[in-house]
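Please walk through the structure below from one side-chain contact out to the whole fold.

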Amino acid sequence: MSVEKKHTFFSKSSGLEIRLGRSLSPKNGYVQGRIFLRAFPLQQGAREKQVTMMLNSVEALKLGLDISKLMKSKGGVQSLIHKYTDAQGNENTTALYLDYWEKDGRTGTGLTLSRNKDKRVSIALRPIDFFLLQNLLKAWAIEACYEEKVSEEGEEETLPQKVEGEEATGEDVGDDDIPF
């Protein structure tokens, strides 16, 4: 049985899904651990308005630490910007903004995910949800620190494993036998 690691936060009009996953790099044939954020409006027929952002481990850890910094400073905004060119040659910008504020004894936290100028989803989060998001980002950043080579047949190649009871031969291993 395979377990998918994900969590979804909901506000009145939108939601945020965070998921631990993997991404295949067609350039080098490696599968790498990734964290995915998907912001979506809750209204009917709004599927095309959702925005997804893929994070590597360093970016996820940075966002988790940014949430800590915001909560300690009692307010502010932190951001993460991705700029890339898609397969059709279009320039795209995906931006994530973390917001924390305190005013008149009340606090508010939220997250906005936008792509270019046409898609934008904001999610108001309770402080406890902001704290959970912070901890998921930090924990899954560590868990996503892996990469596996995918063979020509699409099967994942793993490093050689020592079989219990098998003795080392003492033979010299050539460079061609090293799996990386």
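Which residue lies over the face of Phe36? It is Arg19, at 4.6 Å from the ring centre. A charge is taken to sit over a ring if NZ of Lys or CZ of Arg is within 6 Å of the ring centre and within 35 degrees of the ring normal.

The model is predicted, so local features need pLDDT of at least 70 and side-chain atom pairs count only at pLDDT 80 or more, while totals for chains, interfaces and linings use all residues. Residues are numbered from 1 along each chain as its sequence is written, and side-chain values use heavy atoms, with hydrogens and water left out.

The protein has two helices and 10 strands. Helices (H or I, at least four residues) and strands (E, at least two) are DSSP runs, numbered from the N terminus. In order from the N terminus, the elements run β-β-β-β-α-β-β-β-β-α-β-β. Of the 180 residues, 38% are buried; buried means under 20% relative accessible area, exposed over 50%, and partly exposed in between (1.4 Å probe, protein chains only). The accessible surface comes to about 12,200 Å², and carbon and sulfur atoms hold 51% of this surface. Such areas come from the Shrake-Rupley method with a 1.4 Å probe, and for residues only the protein chains shown count as cover. Among contacts (heavy atoms within 4.5 Å) with a separation of 6 or more, 46% join residues 24 or more positions apart.

Next comes the interior. A nonpolar core is a set of buried Ala, Val, Leu, Ile, Met, Phe, Trp, Tyr and Cys residues joined through side-chain atoms within 4.5 Å. The largest one here has 30 residues, and Ile18, Ile35, Leu55, Leu133 and Leu137 have the most contacts inside it. At least two residues of this core come from each of strands S2 (14-25), S3 (30-41), S4 (51-55), S6 (91-103), S7 (106-115) and S8 (119-125), and from each of helices H1 (57-73) and H2 (127-143). H2 gives the most, with six residues. For Leu55, leaving aside neighbours within four places in sequence, the contacts are Arg34, Ile35, Leu37, Ala60, Leu63, Leu80, His82 and Leu137.

Two strands pair if DSSP finds at least two bridges between them. Strand S5 (residues 76-85) runs antiparallel to S6, and 10 bridges join them. In this pair, Thr85 stands opposite Glu91 in S6. S5 and S6 form a hairpin with five residues between them, where Gly89 in the turn has a positive phi of about 85 degrees.

S6 is in turn joined to S7 by 10 bridges, again in an antiparallel arrangement, with Leu96 opposite Leu113 in S7. Two residues lie between the strands of this hairpin. Asp104, in the loop between S6 and S7, has a positive phi of about 50 degrees although it is not a glycine. Most residues other than glycine have a negative phi. With a relative accessible area of 71%, Asp104 is exposed.

S7 and S8 pair in the antiparallel sense over seven bridges, and the bridge partner of Thr109 in S8 is Leu125. Three residues lie between the strands of this hairpin, where Asn116 takes a positive phi near 50 degrees. Asn116 is not a glycine either, and its relative accessible area of 33% makes it partly exposed. Eight of the 10 residues of S7 are buried, so S7 is largely enclosed by the rest of the structure.

Finally, the structure holds two aromatic pairs. Rings of Phe, Tyr and Trp (its six-membered ring) pair if their centres lie within 6.5 Å; planes under 30 degrees apart count as stacked, over 60 as edge-to-face and the rest as tilted. The rings of Phe10 and Phe40 have centres 6.2 Å apart and planes at 80 degrees, so this pair is edge-to-face. Phe10 lies in strand S1 (residues 6-10) and Phe40 in strand S3, so the pair ties together parts 30 residues apart in sequence. Phe10 counts as exposed at 52% relative accessibility, whereas Phe40 counts as buried at 11%. Tyr100 and Phe130 form a stacked pair, 6.5 Å centre to centre with 15 degrees between the planes. This pair links Tyr100 in strand S6 to Phe130 in helix H2, 30 residues apart, and both residues are buried.
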